[in-house]
Amino acid sequence: MALSAALLAAAGELTQRIHTGVVARGHEGLRPAHGFAFARLAPAGATATDLAEHLGVTKQAASQLVDELVRKGYAERRPHPDDARARLVVLTDRGWECTRAAEAAAADAVRPWTELLGERRARALCDDLLRIAPNGPVRPTW
């Protein structure tokens, strides 16, 4: 039980530190859930259905999240290149800027862990966690 509690506490702290860092870098009006959506959209876009599956929510909830990201200028809908019935949701320049801000905030967030553990132990921790959970998905705990 102590290991699971420690991992959950670390994940919660990391999520909050990244979110705080994103806001500090000028991206207000977002919630941590948006960052989890960005993680799925960043590679090459996704449909609302893909996003729903990734986040573990209904298609309706994912569509509402997409509407919000589009309204705030972080994403846009485009025709899907392989399916005329579907729309591909992709990050805008502002969305990519926010993604880079989140990456910088994540690096800042784990830096104290590396300082505390030392480079070797921090790298070993990362390797071990990747062995335990190699494929994600990285999603919020609703």
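Residues are numbered from 1 along each chain as its sequence is written. In this predicted model, local features need pLDDT of at least 70, side-chain atom pairs count only at pLDDT 80 or more, and totals for chains, interfaces and linings use all residues, while side-chain values use heavy atoms, without hydrogens and water.

The chain holds six helices and two strands. These elements are DSSP runs numbered from the N terminus (helices: H or I, at least four residues; strands: E, at least two). Their order from the N terminus is α-α-α-α-β-β-α-α. The C-alpha trace spans about 50 × 30 × 25 Å along its principal axes. Of the 142 residues, 28% are buried. Buried means under 20% relative accessible area, exposed over 50%, and partly exposed in between (1.4 Å probe, protein chains only). Contact means heavy atoms within 4.5 Å. Among contacts between residues at least 6 apart in sequence, 56% join residues at least 24 apart.

One aromatic pair was found in a search of the whole structure. The ring centres of Phe-38 and Tyr-74 lie 5.8 Å apart, with the planes at 55°, so the pair is tilted. Rings of Phe, Tyr and Trp (its six-membered ring) pair if their centres lie within 6.5 Å; planes under 30 degrees apart count as stacked, over 60 as edge-to-face and the rest as tilted. The pair links distant parts of the chain, 36 residues apart. Phe-38 sits in helix α2, and Tyr-74 in the loop between α4 (59-71) and β1 (75-79). Phe-38 is buried, because its relative accessible area is 6%. Tyr-74 is also buried, at 0%.

Helix α2 (residues 32-41) also contains His-34. With a relative accessible area of 1%, His-34 counts as buried. Leaving out residues up to four places away in sequence, His-34 touches Gly-29, Leu-65, Glu-68 and Leu-69. The side chains of His-34 and Glu-68 are joined by a polar contact of 3.4 Å. Such a contact is a pair of N or O atoms within 3.5 Å; within protein, one must be able to donate a hydrogen and the other to accept it, and residues adjacent in sequence count only if both atoms are side-chain atoms.

Leu-125 is partly exposed, because its relative accessibility is 38%.
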